[in-house]
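Thanks for coming. I will go through one chain today, beginning with a single residue and ending with the whole fold.

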Amino acid sequence: MDIFSKSNNAYYDKIEKEILNDFPEFKNLIEMRYFGKDADSPLLAAEAHLSSQNSSYINSQYFYVGESFSFLHFTSIKVLLSILNSQTIRLRTLNGMNDVNEINYAARIFNIDKTNIELLQKEIFSLSLVKYVSSDKEIINNTNNLDLWRFYGLNGEGVAIKFKIINDPRIWNSFHLSSIFYGEKEVERLKILQERINVFNSNNQKIYIHLPNIFSFHKSSHFKNEDEIRLIYSTFYNFRENKHYKTKTISDASNLSLPTPPVKINNTENYFLSIPLSKRNNTNLENSFFGFSPKIEIEEIVLGYKFKEEELTLYQNIIRSIISDSGGVEIDPAKIYITELNKLFRD
């Protein structure tokens with residue numbers, strides 16, 4: 001074995017002994033990168049990045065294991081019709097989310113400065129979902145959660161789309177699904193990890209561990225009523241070239257690719273990309289894509305509490321017609337309905 005390889009092995013043995021033995025979930029999660037002059041010289045630097053394989057997350061808290069893989073997404077009727085027409089879902093970078101402290105809530109523990117936080121936010125594309133079954137037994141399910149309708153369902157004028165993930169998340173690459181963890185108690189373990197890294201770096205060649213995916217699953221307690229589940233797609237963002245590099249993608253002969261290339265939103269520094277829904281007849285490209293990515297169907301469409309009962313049939317017909325024309329999976333009319341919250345309000 002050459003000198004460079006030997007030094008790499010010795011260095012990792014130290015990391016395992018001094019850091020990872022107390023954080024076994026990270027042994028599969030991180031992938032090491034070593035840098036050196038040549039094979040006859042010892043390593044000069046090293047860093048660790050989170051694996052793009054979702055199966056690597058299984059032994060960590062950042063792998064969703066809920067009983068149900070049905071989730072709600074609150075949005076406007078306009079966005080719903082766009083999703084139905086295109087049979088795609090948009091994921092947006094975290095720098096375009098409502099919470100300006102996205103990533104920073106956990107990243108601050110690692111003393112990452114504001115400029116780098118903003119850059120890290122561009123690496124993560126996110127779709128905010130809500131648990132279908134509410135954590136509050138009185139609410140039963142979150143189609144009846146008044147706070148969610150007020151904050152994210154346009155105060156009852158929007159809709160909630162019930163999505164169902166129908167393939168095995170263990171096969172995903174670059175896509176990850178996790179509950180959001182709220183508050184200081186949930187970042188205590190990350191604080192201990194950073195302390196171990198600091199001690200290690202004071203006695204050894206420094207190690208940098210790149211953790212934006214994990215940071216993205218932590219938020220302030222101010223948001224704990226959201227019941228949020230987050231689907232992320234993680235890219236590598238080349239800050240020098242101001243360009244996203246997708247860690248896993250697929251193309252066909254017509255140069256179509258999935259996920260779609262990131263698109264800048266207006267004149268902002270926010271981006272979105274699109275992933276396909278499962279349709280009645282998926283293309284070869286889409287079927288190949290679902291081999292390493294979420295396969296999602298629309299189960300139900302719930303109209304907000306300000307919709308009128310006499311308008312329901314009209315909306316059911318419009319929605320089903322669009323789905324039929326776009327090749328989407330058919331939805332039974334009974335699964336297009338108005339939330340029961342409409343009974344709490346006068347006409």
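Which residues does E226 touch, not counting residues up to four places away in sequence? They are V130, L148, Y152, Y182 and K219, where contact means heavy atoms within 4.5 Å. E226 sits in the loop between strand 10 and strand 11 (228-238); helices (H or I, at least four residues) and strands (E, at least two) are DSSP runs, numbered from the N terminus. Its relative accessibility is 8%, so E226 counts as buried; buried is under 20% relative accessible area, exposed over 50%, partly exposed in between, with a 1.4 Å probe and protein chains only.

Some ground rules. This is a predicted model, in which local features need pLDDT of at least 70 and side-chain atom pairs count only at pLDDT 80 or more, while totals for chains, interfaces and linings use all residues. Residues are numbered from 1 along each chain as its sequence is written, and side-chain values use heavy atoms, with hydrogens and water left out.

Next, helix 7. Its buried residues are L190, L193, Q194, I197, F200 and N201. They cover an arc of only 125° around the axis, which puts them on the same side of helix 7; the arc is that of the directions from the helix axis to the C-beta atoms. S202 and N203, on the other side, are exposed. Among the packing partners of the buried residues are helix 1 (3-18) and strand 9 (207-210).

Finally, the whole chain. It has 10 helices and 18 strands. Of its 347 residues, 50% are buried.
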